[in-house]
Amino acid sequence: MNALRRSIRPVSRAVLPTVQKRSMAGGAAPQWTGIDKVVRDVFPEDYQVALLIMGGYGVIITGFMLKPSKPAAPAPVAPVAVKTTSTSIPSVDDEAFASFIEDESNLQKWIDTAE
């Protein structure tokens, strides 16, 4: 068994190619110009710039959410009820029915016609 292990190890090492290991180290810091230089002088790290941008968008979105979308609509004018003097009973779906049953005698007429 030991002889088999000794013979497999050199073969397995020869099969795998050697790859240069990179530890993700960065190179020299970039030379910022323009507005990037102004921002990077105050916020030198990438995470700080990312938080600054997300905070800016958060302020803009919150501002739009708090702003009223349109002025409030004026209250609609209530229609004037028309008094009917006829002896006919208006339909239940008619707007005049509410004013018709306010009177006790009209309410009794409506109840009598239902019987």
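Predicted model: local features only at pLDDT ≥ 70, side-chain atom pairs only at ≥ 80, totals over all residues.

**Entry 1: Starting at Thr113**

I began with Thr113, which counts as exposed at 53% relative accessibility. My cut-offs are under 20% relative accessible area for buried, over 50% for exposed and partly exposed in between, with a 1.4 Å probe and protein chains only. Thr113 is found in helix H5 (residues 104-114).

**Entry 2: What I am looking at**

Residues are numbered from 1 along each chain as its sequence is written, and side-chain values use heavy atoms, with hydrogens and water left out.

I checked the confidence next, using pLDDT, the predictor's confidence in each residue from 0 to 100. The chain has a mean pLDDT of 79, and 76% of its residues reach 70 or more. Confidence is lowest in helix H1 (residues 2-15), with a mean of 60, and highest in helix H3 (residues 46-66), with 95.

**Entry 3: The overall layout**

I counted five helices and zero strands in the chain. From the N terminus on, the order reads α-α-α-α-α. Helices (H or I, at least four residues) and strands (E, at least two) are DSSP runs, numbered from the N terminus.

How much of the chain is buried? Buried residues make up 7% of the 115 residues. The accessible surface comes to about 11000 Å², and carbon and sulfur atoms account for 63% of that. These areas come from the Shrake-Rupley method with a 1.4 Å probe, and for residues only the protein chains shown count as cover.

Is Arg40 buried or exposed? Arg40 counts as buried, because its relative accessibility is 16%. Its contacts (heavy atoms within 4.5 Å) took me to Trp32, Glu45, Asp46 and Val49, not counting residues up to four places away in sequence. A polar atom of the Arg40 side chain also lies 3.2 Å from the backbone oxygen of Pro44.

Arg40 and Asp46 meet through their side chains in a salt bridge, at 2.8 Å from N to O. I use that term for a side-chain nitrogen of Lys or Arg within 4 Å of a carboxyl oxygen of Asp or Glu. Asp46 is exposed, at 55%, whereas Arg40 is buried.

**Entry 4: The other pair**

How many salt bridges does a search of the whole structure find? It finds two. Asp41 pairs with Lys37, with the closest N and O atoms 3.9 Å apart. Both residues lie in helix H2, four residues apart, about one turn of the helix. Asp41 counts as exposed at 56%, while Lys37 is partly exposed at 42%.

**Entry 5: A patch on the surface**

Last, I looked for nonpolar patches. Such a patch joins nonpolar side chains (Val, Leu, Ile, Met, Phe, Trp, Tyr) within 5 Å, from residues with over 30% relative accessible area and no salt bridge; like charges are joined within 9 Å. Ile53, Tyr57, Ile60, Ile61, Phe64 and Met65 make one of about 710 Å². I picked out Ile60, in helix H3, and found it partly exposed, with a relative accessible area of 47%.

Definitions and conventions
Polar contact = N/O pair within 3.5 Å; in protein donor to acceptor, adjacent residues only side chain to side chain.
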